[in-house]
Amino acid sequence: MSEAGKKLTGRARGGAARQAKLTPEQRSENARKAALAKKEMASLPEATHAGEVVLGGTSIQCYVTASGDRVISGRALQDALRLVDEDAPPSGKKPGDRVARLLSNKRLITLFLNGKDVDHFAPVKCRYQGNQINGYRAEALADICEGMLEARRRGLLTGDRQKIVADQCEVMIRGFARVGIVALVDEATGYQKDREKDALAKILEAYVAKELQPWVKTFDAEYYENMFRLRGLEYPPENPNFRPQYFGKLTNDIVYRRLAPGVLSALKEENSKAERKGKLHQHLTAGFGRQNLTKHLGKVVALMQVSENWPDFMQKLNKVVPRYGDTIEMDLDEGDR
């Protein structure tokens, strides 16, 4: 059957229908734009190598061009830095490049540059297997990390989001340092020719995952939603981050006092020694400790869901998971009411 006689389906059919509705002038303009786009694509540097580095659970797509430039995708860079999606502005247009906005921050830009030319952070375009890659020089990630940490040291960060980004930068800088020294030793000894292809990536991922483990979200929205409901409080609160101060004492009782004998006091002691105070669960061991915490929280949330109010929940909890050192009481203790 000739091409003309073939029956179009799917996207091809829709494309043909749209083309049929266009005027000759519109079809000519579309063809001109397509030719320009094809010409621009052909002019971009070609990436000869591609791969990905897994960093703390984030897959960072990376490329090397024929001229030896290392490039990481813009989206991957945003994810690695824990930059969040933003709502579209009132104009209805899409939010701009979050990395570009971070790099243009007047309070931080001099720290990012640190003597470098502003073009060092310019977006980079290349092509790989017919696709256009929009990204940044790989070195920019390390430079941003160093700038954010210096900004934190000087007290220049504003808002919780910048502080989260700085914490993530600290994690990555530590990972880079370990991979860097390993790479230097391998090059000096000639071992880089014999090591596995992804050996350095595995070292980086293992270390960063360990560093990030204490900051993995453990008490999720479901836990707090039920806490609010059982305590007779409106949920969600006007401020999404609001938690009544006494929730901490309640959590100590319904969670940590029931994990194992002496766990609560031991975690408090560890937290008091820490240079940066955190949440108690961040001091649990990554394996056994956190696994048991997760199991216990599953029981707690399940009991919350089938309870009418706080006294009802506490009665069920005391029967199923009593405090260590307590005898199982059929009636509520006064402190549980």
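1. Pro236 lies in the loop between α9 (221-230) and α10 (247-254); helices here are DSSP runs of H or I with at least four residues, strands are runs of E with at least two, and both are numbered from the N terminus. The peptide bond leading from Tyr235 into Pro236 is cis, with omega near -5°. The model is predicted: local features require pLDDT of at least 70 and side-chain atom pairs pLDDT 80 or more, whereas totals for chains, interfaces and linings use all residues. Numbering starts from 1 along each chain as its sequence is written, and side-chain values use heavy atoms, without hydrogens or water.

2. Most residues other than glycine have a negative phi, and most peptide bonds are trans. Arg82, in the loop between α3 (74-80) and α4 (98-103), has a positive phi near 60°. Gln129, in the loop between β4 (124-128) and β5 (131-137), has a positive phi near 50°.

3. Gln129 counts as exposed because its relative accessibility is 67%, while Arg82, at 26%, counts as partly exposed. Buried means under 20% relative accessible area, exposed over 50%, and partly exposed in between (1.4 Å probe, protein chains only).
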